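Please look through the report below with the sequence and the model side by side.

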Amino acid sequence: MCMRRCLVGLTFCTCYLAFYLTNKYVLSVLKFTYPTLFQGWQTLVGGLLLHVSWKLGWAEINSSLRADVLTWLPASVLFVGIIYAGSRALSRLAIPVFLTLHNVAEVIICGHQKCFRKEKTSPAKICSALFLLAAAGCLPFNDSQFDPDGYFWAVIHLFCVGAYRILQKSQKSNALSDIDQQYLNYIFSVVLLAFASHPTGDLFRVRDFPFLYFYRFHGSCCASGFLGFFLMFSTVKLKSLMAPGQCAAWIFFAKGVSPQCRDSHEPRACLRPTENFHCFCLCCLGLQKPALSHGSTATSSLAAFTLADPLSGKVITAGLSILLFDVILTSATVGCFLLGGLGEALLVFSERKGA
């Protein structure tokens with residue numbers, strides 16, 4: 001049983017890492033900034049794969065509870081807001097910045113539990129909320145790559161995440177399982193985003209996208225759709241096998257904050273994020289042999305670091321994104337990331353203690 005939990009947890013971390021890096025590559029490197037089409041594609045692939053899994057008996061979906069569909073409709077609307085705003089924000093913000101802002105949703109949930117539901121909140125959880133809020137509040141003033149639109153969409157994203165999780169917990173009926181809820185989210189998202197692609201102009205502007213007929217774009221979009229489904233499925237499995245505190249620990253393990261980031265005042269390796277990430281993906285897929293030159297040593301040194309450091313799981317997502325994408329770091333931004341990491345670590349501690 002312990003081995004099974006570890007395998008599910010490692011699968012979740014792998015999918016989490018690959019999903020964020022692939023999405024960031026499509027949104028920021030290829031600059032496919034048409035969220036109604038990109039998120040519509042991801043939810044379409046996810047819905048089809050979930051439907052096939054249901055028909056093959058790999059997942060259970062209760063199709064007879066039509067009355068519960070209407071009660072879940074507001075949550076599905078919030079889900080569309082989460083993925084749309086998240087896509088807009090991630091296209092403009094670095095992954096560590098996006099994750100730091102995303103964590104503020106926990107503050108909203110904690111505040112709702114404390115103020116409206118009058119639940120007893122541990123001091124560790126209150127400190128966690130304060131640290132997360134302080135990290136996100138200080139970040140815009142210390143971000144040398146500050147993008148107002150990116151932060152605007154990140155705020156909408158975190159409010160939608162907070163409202164979605166509050167609504168999810170407040171549902172009195174337990175008739176809908178996590179798989180049922182996600183299946184409804186997929187269906188509603190595909191329909192709504194398909195209709196929204198016309199008034200937003202994405203349907204017409206995509207014809208001018210320069211990489212529309214390139215294999216890099218096709219492969220990345222296919223990978224993002226499959227990875228989104230596997231991330232959802234592994235998350236459901238993780239929740240079903242582990243206590244909430246253990247789930248929070250695995251999520252923290254997957255996100256992480258990199259303590260090995262260099263200050264922007266120090267000399268950085270001479271690398272081009274677009275080429276390095278593209279070569280990194282091709283090497284992982286076995287489509288290209290790694291080229292060892294003075295300008296592409298970051299990938300090989302990264303692999304050595306990942307294999308050598310037993311605590312490297314803590315930095316897998318944020319750390320890899322910093323090495324593979326163009327991120328300007330200062331001591332102040334690193335301090336914000338570390339403060340956010342401390343806040344999330346306290347949240348994990350409070351969840352495990354409460355369990």
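Which residue forms a salt bridge with E106, and how far apart are the closest N and O atoms? The partner is R165, and the closest N and O atoms of the two residues are 2.5 Å apart; a salt bridge here is a side-chain nitrogen of Lys or Arg within 4 Å of a carboxyl oxygen of Asp or Glu. Because E106 lies in helix α5 and R165 in helix α7, the pair ties together parts that are 59 residues apart in sequence.

This is a predicted model, in which local features need pLDDT of at least 70 and side-chain atom pairs count only at pLDDT 80 or more, while totals for chains, interfaces and linings use all residues. Residues are numbered from 1 along each chain as its sequence is written, and side-chain values use heavy atoms, with hydrogens and water left out.

**Overall picture**

The protein has 15 helices and zero strands, where helices (H or I, at least four residues) and strands (E, at least two) are DSSP runs numbered from the N terminus. Of its 355 residues, 48% count as buried, which means under 20% relative accessible area, whereas exposed means over 50% and partly exposed lies in between (1.4 Å probe, protein chains only).

**Salt bridges**

| Pair | N to O distance |
|---|---|
| E106 and R165 | 2.5 Å |
| D149 and R92 | 3.9 Å |
| R205 and D202 | 2.5 Å |

D149 lies in helix α7 and R92 in the loop between α3 and α4, so this pair ties together parts that are 57 residues apart in sequence. D149 is partly exposed at 40% relative accessible area, and R92 is also partly exposed, at 39%. R205 and D202, being three residues apart in helix α9 (residues 202–205), are separated by about one helical turn; R205 is partly exposed at 39%, but D202 is buried at 2%. Salt bridges that share partners also join R92, D147 and D149 into one network.

**The interior**

The largest nonpolar core holds 66 residues, and those that touch the most other members include Y20, F32 and F209; such a core is a set of buried Ala, Val, Leu, Ile, Met, Phe, Trp, Tyr and Cys residues joined through side-chain atoms within 4.5 Å. Helix α1 (residues 2–29) gives the most to this core, with 13 residues. A second, separate core of ten residues includes L50, I61, Y186 and F229. In helix α3 (residues 66–90) lies S76, which is buried at 2% relative accessibility. Leaving aside neighbours within four places in sequence, S76 is in contact (heavy atoms within 4.5 Å) with L184, N185 and F188.

**A patch on the surface**

W41, L44 and L48 form a nonpolar patch on the surface, with about 270 Å² of accessible area together. Patches are made of residues with over 30% relative accessible area and no salt bridge, like charges being joined within 9 Å and nonpolar side chains (Val, Leu, Ile, Met, Phe, Trp, Tyr) within 5 Å, and accessible areas come from the Shrake-Rupley method with a 1.4 Å probe, only the protein chains shown counting as cover for residues. L44 lies in helix α2 (residues 35–55) and is partly exposed at 36%; W41 lies in helix α2 and is partly exposed at 33%. Leaving aside its neighbours within four places in sequence, W41 is in contact with C221, C222, S224 and G225.
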